[in-house]
Amino acid sequence: MRNLAPTTNRSSFPIPRDRLVQVSVWSAAAIVAGTFAWVLADLLVQGASRIDWSFLVTAPLKAGRAGGIAPILVATVLILMVAVVTAVPIALATAALLSEFVRAGSRTERSIGLSLDVLAGLPSIVFGLFGNAFFCVWLGMGFSILSGGLTLACMTLPILIRSAETGLRMVPDEWRYGAAALGLSRATLLWQVLIPAAAPALTAGLMLGIGRAMAETAALIFTSGYVDRMPSSLLDSGRAISVHIYDLTMNVAGGDQNAYASALVLIALLISINSAALWLAGKTLKRRITTS
Amino acid sequence: MSPSTRDRQLLRLLTVSAGLATGLLALIVLFLVRESWPVISRVGVVRFFLDQSWHPTEQSYGLTPMFVGSLATTGGAIVIAAPLGVASAVFCRFYAPEPMARIYRWAIILLAGLPSVVLGLWGLTAVVPLITQLHPPGTSLLAGSIVLALMILPTVALTTEGALASLPPSYWNGAAALGLSREAAILFVVLPAARGSIAAGVALAAGRALGETMAVLMVSGNVVRLPSSVFDPVRTLTANIALEMAYATGDHRASLFASGLLTAALVAVLAAMATRLGGGRTHA
């Protein structure tokens, strides 16, 4: 469609309405691009001055005004690990059921799909409330890395299932016929053929889920808590990096510099995770084109 | 073990997992209702809107200021983000030269990936001081709307661009054959044809804005009062939960869960609207 677009006005005297549209579109684009550059520049300028190796490996001092973010990084990684270890098996199994065993468009498929879509749309603070009531209070885990990780597992489950389902569906049907012709069981087909074939797509989906979980704050404030000491077990409270940014900005006067530095670390992590996901997803796509 | 036994075991395992994943939604709703039931059953839903003030420890449960705060920040964000988002998509598709369009699209996607807490931090240190100069206190409905707009703009821009890309080329050819200028074709052919999907994108974005907690919490001032201008501080339903959950007990805690249910219901309505708008209108 783009190639067919007339690139200039055919009349050499553009009417005022056309001129107005041109000016508004260009200025809207300029406003958006300018604001984005402003955000990026603030993050880089204010954040980069504080980041060095010692920022990453020392503990925060004076409520985070000075010192680094080592215990926060450890807590973040632990929370994400709990979330991944819980969510991935459930997500993979549900995706396998949806793509291999349930007929597309059947009532089962639609009801599972609807419930996943609603789940994916729930605001993160609602997950926080649920996590607090269910994991912290009802199951007695208290404010802990375990509660936070399990809450994030619930939150990322729909993304993980949907991406894994897409990945499994992309494996060409010939491979399934081949397995059937060899008399392989569905279990063997799944383990030995489908999952290895879809591995890059599955990993890419996992990366997206981790990225979403790492950016999360509202679901963690009252599940994994605020404590910024080095966690010694999964039942300790641990402060995730996004919660750290929030706390430094809102509750600590003079914490802005370290908040920006932590934000920059968070964004660097997110960008590397997303690039890895894109690269892996591209790899699957390429493989699909060459094999089919 | 015979293949068929293994397969039956596998299917059982997968069904249990899918049951867990599907049951999670029911479990979440169940727990929200269970936790808010003490207040809902005793004072009813109506008093959340009719009570004069929000003093949940003194039997006064008026959520109206927060309800209005949520709707006002979301409405403001839509007013800013919808035109800019649609214009961004039009810019990318019809105006920008290819390399510029690619960079612009990349920036929009990066913006979509910025965590809300980072946008909140930026809003508080960059936008709020500017508004303070204009009209103190700075942390206000306006600041909340601007930061939310920045957050949802990519949603509007990307869904609109998707909608524009999926229009059949014959629309454009017909417009060209009629001798319409590029601007007239955009205004009177392309955008009207894509209006269903654009509306769906806006509804989706509104849902995200309404459910957002951190970004608004950090820049809106969080005073429980009906705003009388865009420079007044507001507190949203979500911010209210995040601020008070840490120390709430008893009926106070229960009423926070009730406002969580209310937020989830509002967001679900917007999501359903988005689905209807997106699926209902096709370009025949």
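**A walk through the predicted model**

Where helix α10 of chain A passes helix α5 of chain B, the crossing is left-handed. Two packed helices are described by the angle between their axes and the distance between the axes. For helix α10 (residues 241-251) of chain A and helix α5 (residues 116-134) of chain B, that angle is about 20 degrees and the axes are 9 Å apart. Because angles under 35 degrees count as roughly parallel, α10(A) is roughly parallel to α5(B).

The residues that make this contact are A:Ser242, A:Ile245, A:Tyr246 and A:Thr249 on the side of α10(A), and B:Val117, B:Val118, B:Gly120, B:Leu121 and B:Leu124 on the side of α5(B). Sorted by class, the residues of the contact of α10(A) with α5(B) comprise six nonpolar, three polar and no charged. Once its neighbours within four places in sequence are set aside, A:Ile245 is in contact with A:Ala259, A:Ser262, A:Ala263 and A:Leu266 in chain A, and with B:Val117, B:Val118 and B:Leu121 in chain B.

Which residues have the most contacts inside the largest nonpolar core? They are A:Leu157, A:Ile245, B:Ala81, B:Val118, B:Leu121, B:Val147 and B:Ile152, in a core that has 180 residues. Helix α3 (residues 70-101) of chain A supplies the largest share of this core, with 17 residues.

The contact between the two chains can also be taken as a whole, and it draws 72 residues from chain B and 69 residues from chain A. On the side of chain B that touches chain A, the most is given by helix α1 (residues 3-43) of chain B, with 19 residues. That side of chain B has 50 nonpolar, 16 polar and six charged residues. B:Val16 has its place in this helix α1 of chain B, and B:Val16 counts as partly exposed because it has 14 C-beta neighbours inside 10 Å. Between B:Val16 and B:Ile103, which are 87 residues apart along the chain, the C-alpha atoms are separated by 45 Å.

Turning to chain B by itself, one finds 12 helices and two strands, and these elements run α-α-β-β-α-α-α-α-α-α-α-α-α-α from the N terminus on. Taken along the principal axes, the C-alpha atoms of chain B fill a box of roughly 75 × 70 × 30 Å. Chain B has 284 residues, of which 51% count as buried. Among the contacts in chain B between residues at least 6 apart in sequence, 76% join residues at least 24 apart.

The axes of helix α3 (residues 64-95) of chain B and helix α6 (residues 141-165) of chain B come within 6 Å and cross at roughly 35 degrees, and the crossing of α3(B) and α6(B) is right-handed. The contact of α3(B) with α6(B) involves 18 nonpolar, eight polar and two charged residues.

The last stop is the backbone. Most residues other than glycine have a negative phi, and most peptide bonds are trans. In chain B, the peptide bond from B:Pro136 to B:Pro137 is cis, with omega near 10 degrees, and B:Pro137 lies in the loop between α5 and α6 of chain B.

In chain A, phi of A:Lys62 is positive, near 50 degrees, and phi of A:Ala63 is also positive, near 60 degrees. A:Lys62 is placed in the loop between β1 (60-61) and β2 (66-67) of chain A, and A:Ala63 has its place in the loop between β1 and β2 of chain A. Are these residues buried or exposed? A:Lys62 is exposed, because 11 other C-beta atoms lie within 10 Å, whereas A:Ala63 is partly exposed, with 16 other C-beta atoms within 10 Å.

Finally, A:Ser232 lies in the loop between α9 (218-221) and α10 of chain A. With 8 C-beta neighbours inside 10 Å, A:Ser232 counts as exposed. The C-alpha atoms of A:Ser232 and A:Ala75 are separated by 9.7 Å, although the two residues are 157 residues apart along the chain.

Definitions and conventions
Residues are numbered from 1 along each chain as its sequence is written. Chains are lettered from A and ligands numbered from 1 in the order in which they are written. This is a predicted model: local features need pLDDT of at least 70, side-chain atom pairs count only at pLDDT 80 or more; totals for chains, interfaces and linings use all residues. Two residues are in contact if their C-beta atoms, placed from the backbone, lie within 7 Å. Helices (H or I, at least four residues) and strands (E, at least two) are DSSP runs, numbered from the N terminus. Ala, Val, Leu, Ile, Met, Phe, Trp, Tyr, Cys and Pro count as nonpolar, Asp, Glu, Lys and Arg as charged, and the others, Gly among them, as polar. Axes are lines fitted to C-alpha atoms, for helices over the stretch in contact, and angles run from 0 to 180 degrees between N-to-C directions. A crossing is left-handed if the near helix is turned anticlockwise from the far one by less than a right angle, and right-handed if clockwise. A nonpolar core is a set of buried Ala, Val, Leu, Ile, Met, Phe, Trp, Tyr and Cys residues joined through C-beta atoms within 7 Å. A residue is buried if 20 or more other C-beta atoms lie within 10 Å of its own, exposed if 12 or fewer, and partly exposed in between; C-beta atoms are placed from the backbone. Angles under 35 degrees count as roughly parallel, over 145 as roughly antiparallel, 65 to 115 as roughly perpendicular and the rest as oblique.
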